[in-house]
Amino acid sequence: MSTNEIISKIEALREWESLIANAQEEAEALRDSIKAEMEKQDIEELEAGAYIVRWTSVLSNRFDSASFKKQYADLYKSFTKQVTSRRFSISI
C-alpha cells in the first residue's frame, strides 16, 4: 500500500470516528431526555407503544482492588501477572 493510500485511509478513518462520536453524543442526549421524563414521572418502567423502557437501580458488589493493593501489597503482587497487548493509535 502506498503512502498516499495510507493517508487516505487514515483521513477516512478519522471522518468515520468523528461521525461515530457525534452519533453517540446524539444517542446519549436522547437517552438522557427519556431518563429525565421517567424521573419527572417518578417511574422505573415506561411503556410507549411496542417499547418498554426500564431505568432501574441495580445493587452490585465490586472488589476494591485499590484498597486491597494498599492494605495487602505483597499479596496483591503475588496474584498479579503481566500481560501483553497491542495499542493502535494515530497522532499528528
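Residues are numbered from 1 along each chain as its sequence is written, and side-chain values use heavy atoms, with hydrogens and water left out. In this predicted model, local features need pLDDT of at least 70 and side-chain atom pairs count only at pLDDT 80 or more, while totals for chains, interfaces and linings use all residues.

Q: How many salt bridges does the count come to?
A: Side chains of opposite charge can pair when their charged atoms come close. A salt bridge is a side-chain nitrogen of Lys or Arg within 4 Å of a carboxyl oxygen of Asp or Glu. By this rule, the count comes to two.

Q: How far apart are the closest N and O atoms of Glu28 and Arg31?
A: Glu28 and Arg31 are three residues apart in helix H1 (residues 3–41), so about one helical turn separates them. Helices are DSSP runs (H or I, at least four residues), numbered from the N terminus. The N and O atoms of this salt bridge approach to 2.7 Å.

Q: Is Arg54 buried or exposed?
A: Buried means under 20% relative accessible area, exposed over 50%, and partly exposed in between (1.4 Å probe, protein chains only). Arg54 has a relative accessible area of 55%, and therefore counts as exposed.

Terms used. Helices (H or I, at least four residues) and strands (E, at least two) are DSSP runs, numbered from the N terminus.
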